[in-house]
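Subject: Handover of a structure for your review

Dear colleague,

Please find below the sequence and structure that I am handing over to you.

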Amino acid sequence: MDRTLSPVELLDPRYEVVPFHGRVDELAELARWREGGEARSVLLLHGPAGVGKTRLARHFAADSGVSVVDDADLATHLDLREPRVLLISRTAGWWWSAHRQRAADLGYRAADLAVTARPDEHETSFATACAHFAYALGLPIPTTTPPDAPTLHDLHLAALVAVHGSPVEPAPTRGRLAEDALAVTLLDERITPDRTPEALELLLRAAERLPHARRRAEELFTAHPELADTATGATLRILAEWPAPARAVARRVFDDPRFHGDPLPAILTRTLAREAGTRLEQAELHGLLAARAALASLREEAVEAACQEVALYREAAAEDPAEHRPALADALADLSLRHIAAGRLEDALTAAEEAAALCRVVAAEDRDCAPQLARALDQLGRRRAALGRRAEALAALDEAADLYRDLAEAHPKLFRVDLAKVTDQRIGLARGDQ
């Protein structure tokens, strides 16, 4: 560089003041990924703040043809045009699961690699950092014993303190140093955090690591839920894991078009479901969770949520069949759809068969539930057809058509379209179109 770095900038991994060293196992794993036989592949490198993910990724990707995306969990959209994409993030939660499943739809193999602390390398890392910081600052190399530091960042910070003293200049606008500077500021209760999108994101990143910053963030959003309109999706995805602020901002997030298709509404719903007071509230929220997860391409998570919804309604129906059997049948129909989206046709058929059997019982007890039985038979026919069980599919569709015909005669505006759809489905299957 043309200028002398400040003490704080010496810690910035972009400047690589301390040469990269160690991480032999991780580099070997990354090399295997890069040389893999798949035409396209994406790998998530994840680990706690300051553990050394960015340095590892930059060192590996240099002159290797690998595209690197840092802070991938903060990105609103991931550009997957390169054959090898290396993502860097602190976490591997539902945001990653959504991107992983979307990447698979585009033909990418997706995997992840956790980066953890390497205490066996800390003594060498500390000595190396002391030597290079001393050279950069024109100061003597200290003989300090390396501290018991949890991450590489903490170790290098200790080395800088040993050479020069604590950094006193303003921290960079992003990254671990900026979060630490903010956290120190927030120790003074009289200071209110800034409320710009960038400042809120910085606050929540610090709050992930530091209890007092989390308390301030929770208090701020609980008292001012309108800040959800200002905050970014990445900020709110952190907040959505915490019950009190999640309840406060939920409605604003659900109504915000920015987050249609984003994992955020599903993450919020998951938190609300965990906090639900009654079994029926939990069941309803798990049904909503399945739907919101499906919209965010969280297909496996949608199946899991739908299974939980079915289990809760099954418990309720065991205690009061007449009251809760219809809801159980609907939950099973929903589970069938989630299995279809996940490519589990046999599981989808099993759920559809149980839903239709329950609907028969419900309709026998209450004729007003005939539309529910007709829908269940329609879906059952489609599931059988998807598995090549043509004769069984036609039988279910015939029965559904008969029900819809009776319903359409009594209520043409409500059921005429349903009758037409089932009839077309049945004719197509009979001709062998499906």
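To begin with the helix packing, α13 and α14 are roughly antiparallel to each other, because their angle lies over 145 degrees. Their axes cross at roughly 165 degrees and come within 8 Å, with helix α13 covering residues 299-319. The crossing in which α13 passes α14 is left-handed. Sorted by class, the contact of these two helices has 16 nonpolar, two polar and seven charged residues. Please note that the model is a predicted one.

A second pair is formed by α15 and α16. Here the axes come within 8 Å and cross at roughly 155 degrees, which makes α15 roughly antiparallel to α16. The crossing of α15 past α16 is left-handed. On the α15 side, the contact involves Leu345, Ala348, Leu349, Ala352, Glu353, Ala355, Ala356, Cys359, Arg360, Val362 and Ala363. These meet Ala370, Gln372, Leu373, Ala376, Leu377, Leu380, Arg383, Arg384 and Ala386 in α16. By class, the residues of the contact of α15 with α16 comprise 15 nonpolar, one polar and four charged.

The crossing of α8 past α10 is left-handed. Glu218, Phe221 and Thr222 of α8 make the contact with Ala244, Pro245, Ala248 and Val249 of α10. The classes in the contact of α8 with α10 are five nonpolar, one polar and one charged.

How many cavities of 30 Å³ or more does the structure hold? There is one cavity of that description, and the space in the largest cavity is about 40 Å³. Its lining consists of Ala333, Ser336, Ala352, Ala355, Ala376, Gln379 and Leu380. The lining divides into five nonpolar residues, two polar residues and no charged ones.

The two topics share some residues. Ala352 and Ala355 belong to the cavity lining and also to the α15 side of the contact with α16. Likewise, Ala376 and Leu380 line the cavity and take part in that contact from α16.

With kind regards

Notes. Residues are numbered from 1 along each chain as its sequence is written. This is a predicted model: local features need pLDDT of at least 70, side-chain atom pairs count only at pLDDT 80 or more; totals for chains, interfaces and linings use all residues. Side-chain values use heavy atoms; hydrogens and water are left out. On a 1 Å grid over the protein atoms alone, a cavity is a set of points where a 1.4 Å probe fits but cannot get out, and a pocket is an open set with protein on both sides within 12 Å along at least five of seven lines; lining residues have an atom within 4 Å of a point. Grid points are joined across faces, edges and corners, and a volume is the space filled by probe spheres set on the points. Ala, Val, Leu, Ile, Met, Phe, Trp, Tyr, Cys and Pro count as nonpolar, Asp, Glu, Lys and Arg as charged, and the others, Gly among them, as polar. Axes are lines fitted to C-alpha atoms, for helices over the stretch in contact, and angles run from 0 to 180 degrees between N-to-C directions. Helices (H or I, at least four residues) and strands (E, at least two) are DSSP runs, numbered from the N terminus. Angles under 35 degrees count as roughly parallel, over 145 as roughly antiparallel, 65 to 115 as roughly perpendicular and the rest as oblique. A crossing is left-handed if the near helix is turned anticlockwise from the far one by less than a right angle, and right-handed if clockwise. Contact means heavy atoms within 4.5 Å.
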